[in-house]
Amino acid sequence: MSENKTPGGEPIRDARVLGVPKMLILGLQHMFAMFGATVLVPILVQGYGLPLSIQTTLFFAGIGTLFFHICTKLKVPAFLGSSFAYLGGFEAMAKLDAGKYAGMDPAVKLQYACGGIVVAGLLYVVLAAVIKAVGVKKVMRFLPPVVTGPIIILIGLNLAPSAVSNASTCWWLAIVAMAIIVAANIWGKGMVKIIPILLGVVGSYVVALIANAMGATALDAAGNVVPLIDFSGLASAAPVGIQPFFLAKFDLTSIFVMAPIAIAAMMEHIGDMSAISATVGRSFIQDPGLHRTLMGDGIATSLAGLFGGPANTTYGENTGVLVLSRVYDPNVVRLAAIYAVVLSFSPAFAAIVNSIPTAIIGGVSFILYGMISAIGVRNVVENRVDFTNSRNLIIAAIILVCGLGFSNGITFSVGEVHVTLTNLAIAAIAGIALNAVLPGKDYEFGADVTEGRSGDFGRY
């Protein structure tokens, strides 16, 4: 296979043959693909009451991607954006009001949440070391789809109420956002089909600008009538400014809230590596190795959490760009990372993003949160989990009941320390333990995925 595009349609593996201008445009395409979902995470977290910064999020998306590329010997064309899997953890942290968290300032709560993210990232590194030592198949026996699928389903179900709450501030605008996303994803062609989330946010924001000029209103959290768009933060925002970094804080409760989510995120990572490998035609799970990709993702996540950013994850949208463009050069993805870092130095840009109406976020969340659960279902279906096997049925049933039944989690004391296990943490612990002790394991990693599929467990 030629390294560059030929008349026969071979892919381009060295984008330098296209020239610098085209390389810059291809980098922008990757940035647009990741942008909508990456900035949506801090917007949603702000909706929970925690002041996660858009600037900091963009900065660590770019820095994390560059660091990932170094860890993977500059071979893997992947972009690391902010992970949706941890939204349930952020929401749980925002609602904590027991023990030391009673009356705690939201900014301090965010510091503890980020401490949990640091530990979650370190779990990636631990798994990477174990995989390097014993091999991927032995490790993944403890994390089969019968465990990971229901956990991913629960992440979406637990977030669903916040989507309804946000959309209810202005239902017609939320429906506009949903309609644009659906239309772009179902009927769009080319790049339009790759960036439906970004188009949904931008398109509905343009509609909101027009409606706001005509006097349209929305409801705030207290039910008061307010303007559809609030530009108050834009007037005082400087065009250029430093990101609001802070140091994470550590506590057993926040670690138990955030760290178990790494289980689902690691499954997402393994699936994305399989998808990128299938797209590019090179097995990155073997070279540079799954242990290296996990280590890069994990350290990037820990680094972001340590200084006030959300967890990172490999982005499926950028894999879609690889399919669309047939340009597989990792240098192009690194250009997108540089663009993200540059944009992170603009408070004015962050203020514009912050002015997006809550209803738009609700409309987008309607689809995203449902997609999270749907990806969990797909994980189970594509891996052909046998639910006529009572062992599998019991594991999935207990995970789902734990995740839905313990809505307020469990709080207990260890000495003078109050520890809270969220419903997702309880579900994850129960699932892993049951899978380990119940006889009749019938899952072997990589051996029972339907032929011709990437084994992609989903991005969120």
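This note sets out points on helix packing, salt bridges, backbone geometry and surface features in a predicted model.

1. Basis of the model. The structure is predicted, so local features need pLDDT of at least 70 and side-chain atom pairs count only at pLDDT 80 or more, whereas totals for chains, interfaces and linings use all residues. Residues are numbered from 1 along each chain as its sequence is written, and side-chain values use heavy atoms, with hydrogens and water left out.

2. Helix 2 and helix 13. Helices (H or I, at least four residues) and strands (E, at least two) are DSSP runs, numbered from the N terminus. The axes of helix 2 (residues 54–71) and helix 13 (residues 285–306) come within 8 Å and cross at roughly 150 degrees. Axes here are lines fitted to C-alpha atoms, for helices over the stretch in contact, and angles run from 0 to 180 degrees between N-to-C directions. Helix 2 and helix 13 are therefore roughly antiparallel (under 35 degrees counts as roughly parallel, over 145 as roughly antiparallel, 65 to 115 as roughly perpendicular and the rest as oblique). Their crossing is right-handed; the near helix is then turned clockwise from the far one by less than a right angle, and anticlockwise in a left-handed crossing.

3. Helix 1 and helix 3. Helix 1 (residues 20–48) packs against helix 3 (residues 87–95) with an angle of about 25 degrees and axes 9 Å apart. Helix 1 and helix 3 are therefore roughly parallel to each other, and the crossing of this pair is right-handed.

4. The loop between helix 2 and strand 1. Lys 73 lies in the loop between helix 2 and strand 1 (80–82). Although Lys 73 is not a glycine, it has a positive phi of about 60 degrees. Leu 74 is in the loop between helix 2 and strand 1 as well, and its phi is near 60 degrees, a positive value in a residue other than glycine. Lys 73 counts as partly exposed at 44% relative accessibility, and Leu 74 counts as partly exposed at 45% (buried means under 20% relative accessible area, exposed over 50%, partly exposed in between, with a 1.4 Å probe and protein chains only).

5. The whole structure holds 4 salt bridges (a side-chain nitrogen of Lys or Arg within 4 Å of a carboxyl oxygen of Asp or Glu). One of them joins Lys 75 to Asp 287, with the closest N and O atoms 2.9 Å apart. This pair links distant parts of the chain, since Lys 75 is in the loop between helix 2 and strand 1 and Asp 287 in helix 13, 212 residues apart. Lys 75 is partly exposed at 34% relative accessible area, and Asp 287 is partly exposed at 38%.

6. The side chains of Lys 95 and Glu 91 meet in a salt bridge of 3.7 Å, N to O. Lys 95 and Glu 91 are separated by about one helical turn because they stand 4 residues apart in helix 3. Lys 95 counts as exposed at 62% relative accessibility, whereas Glu 91 counts as buried at 12%.

7. Salt bridge between two loops. Asp 251 forms a salt bridge with Lys 100, the closest N and O atoms being 3.7 Å apart. Asp 251 lies in the loop between helix 10 (232–235) and helix 11, and Lys 100 in the loop between helix 3 and helix 4 (106–134), so the pair ties together parts 151 residues apart in sequence. Asp 251 is buried at 9% relative accessibility, while Lys 100 is partly exposed at 42%.

8. Nonpolar surface patch. Val 164, Trp 171, Ile 175 and Phe 366 make a nonpolar surface patch of about 350 Å². Patches are made of residues with over 30% relative accessible area and no salt bridge, with like charges joined within 9 Å and nonpolar side chains (Val, Leu, Ile, Met, Phe, Trp, Tyr) within 5 Å; accessible areas come from the Shrake-Rupley method with a 1.4 Å probe, and for residues only the protein chains shown count as cover. Val 164 is found in helix 6 (residues 145–167) and is partly exposed, with a relative accessible area of 40%.

9. Gly 362 is in helix 17 (residues 358–382) and counts as buried at 0% relative accessibility. Ser 254, in helix 11 (residues 252–258), is buried at 0% relative accessibility. Ser 254 and Ser 355 are 101 residues apart in sequence and 30 Å apart in space, C-alpha to C-alpha.
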